[in-house]
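Here's a quick briefing on one protein model, grouped by topic. Take a look at the fold first, then read on.

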Amino acid sequence: MENQQHQGRNGAAAAAPTAENRFSVLNCIDLSSPDTQNSVSLLKQACLDCGFFYVVNHGISQEFMAEVFAQSKKFFELPAKEKMKVLRNEKHRGYTPELDELLDPENQVHGDYKEGYYIGVEVPEDDPEAEKPFYGPNVWPSSGSFQPKEVARAVARIIALALDLEADFFDKPEMLGHPIAVMRLLHYGGQVSDPSKGLYGAGAHSDYGLITLLATDDVYGLQICKNKDAQPQVWEYVAPMQGAFVVNLGDMLERWSNCIFKSTLHRVLGNGQERYSIAYFAEPSHDCLVECLPTCKSEKNPPKFPPITCSTYLSQRYKDTHADLSVYNQKQQHT
């Protein structure tokens, strides 16, 4: 989530939220609620409005999340030399240094002021599945058994109902039954962002896939722009909520829904404090064909995008935003 669509230079340097830098009001969906109709209504309103919402009572304890964050912090506190030993590979597993990712090249003077760590579906090297993009062995042990997969599936079921589909539409084997699931640990240093100078914790972008679940610490920094076509763009902070996941829709769902549901432009502004977050990107299977849903097209509203496989789409989007790995090989040869 904090994984392109672009934004204009109309923000001010990051400062404490004020009337001008306001917090957004987002719907909150209780995954334990028996009132499915109310959950669908709240989610549908959020998806039509801004594509961001909270989910609570998701079944992952606060104590466990605290441990995951502690392990993440422990890794990012390692010396740079140690972290570079597990530099990300072509499968997008491992460490991404500061400035590695450039999300908004039209407005950023260089890459994001963040470092990250990719963890994905564990597939042994000798498994034929390991030949696929985003599949393979992890290069660093994951933090415990953090499995937000079931949370993502629960949210996807409500999304399906909101799109007038069967509740299990996204549970099919070719979709979330055999997904490309990517978790990314993220660390923002103590830099202060200044959009007027092209300096960001994470540049403005929309996420690539189906949905993203984001767990954050209590340091603000995430902003959303509910109307990405507005000029000037209006940015609002998303308040951290203890025990909740922030959920946002990705570009793939926007394509699927023929732009009925929106993938939302968002960015991160550093405010001088360190900030940690954990993003879980729930994507369909490699061969899943993303094409306009039958409930989202008509004679007056024909499909806006051509069909494309999930693997092809994601591979291109990652290639567009990350530094080429050869850059790091060259640096190592000169040190």
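Which residue in E10 is the bridge partner of Val55? That partner is Phe245, and E10 gets its own section below. Keep in mind that this is a predicted model, where local features need pLDDT of at least 70 and side-chain atom pairs count only at pLDDT 80 or more, while totals for chains, interfaces and linings use all residues. Residues are numbered from 1 along each chain as its sequence is written, and side-chain values use heavy atoms, with hydrogens and water left out.

**Overall picture**

- The protein chain has 7 helices and 14 strands; these are DSSP runs numbered from the N terminus, with helices (H or I) of at least four residues and strands (E) of at least two.
- Of its 335 residues, 55% count as buried (buried is under 20% relative accessible area, exposed is over 50%, and partly exposed is in between, with a 1.4 Å probe and protein chains only).

- E2 pairs with E10 in the antiparallel sense over 4 bridges (two strands pair if DSSP finds at least two bridges between them).
- Strand E7 (residues 211–216) also pairs antiparallel with E10 over 4 bridges, and Thr212 stands opposite Asn248 there.

**The open sheet**

- Four strands form an open sheet in the order E6-E11-E8-E9, with antiparallel pairing.
- Its edge strands are E6 (202–205) and E9, each of which pairs on one side only.
- E6 is joined to strand E11 (residues 265–268) by 2 bridges, and His205 stands opposite His266 in E11.

- The peptide bond from Gln231 to Pro232 is cis, with omega near 0 degrees; Pro232 lies in the loop between strand E8 (222–225) and strand E9 (236–237).
- Asn57 isn't a glycine, yet its phi is positive at about 50 degrees. You'll find Asn57 in the loop between strand E2 (52–56) and helix H2 (62–76), partly exposed with a relative accessible area of 47%.
- Leu99, also not a glycine, has a positive phi of about 75 degrees. Leu99 lies in the loop between strand E3 (94–96) and strand E4 (114–120) and is partly exposed at 40% relative accessibility.

**Cavities**

- On a 1 Å grid over the protein atoms alone, a cavity is a set of points where a 1.4 Å probe fits but cannot get out, and lining residues have an atom within 4 Å of a point.
- The largest cavity has a volume of about 80 Å³, where volume is the space filled by probe spheres set on the points, and grid points are joined across faces, edges and corners.
- Its lining has 14 residues, with Tyr188, Gly189, Gln191, Gly270 and Asn271 nearest the centre.
- That lining divides into 6 nonpolar, 7 polar and 1 charged (Ala, Val, Leu, Ile, Met, Phe, Trp, Tyr, Cys and Pro are nonpolar; Asp, Glu, Lys and Arg are charged; the others, Gly among them, are polar).
- The second largest cavity holds about 50 Å³, and its lining has 7 nonpolar, no polar and 3 charged residues.
- Among the residues lining the second largest cavity are Lys149, Arg153 and Glu283; helix H4 (149–162), strand E5 (180–188) and strand E12 (275–283) each give two or more residues to that lining.

Conventions:
On a 1 Å grid over the protein atoms alone, a cavity is a set of points where a 1.4 Å probe fits but cannot get out, and a pocket is an open set with protein on both sides within 12 Å along at least five of seven lines; lining residues have an atom within 4 Å of a point.
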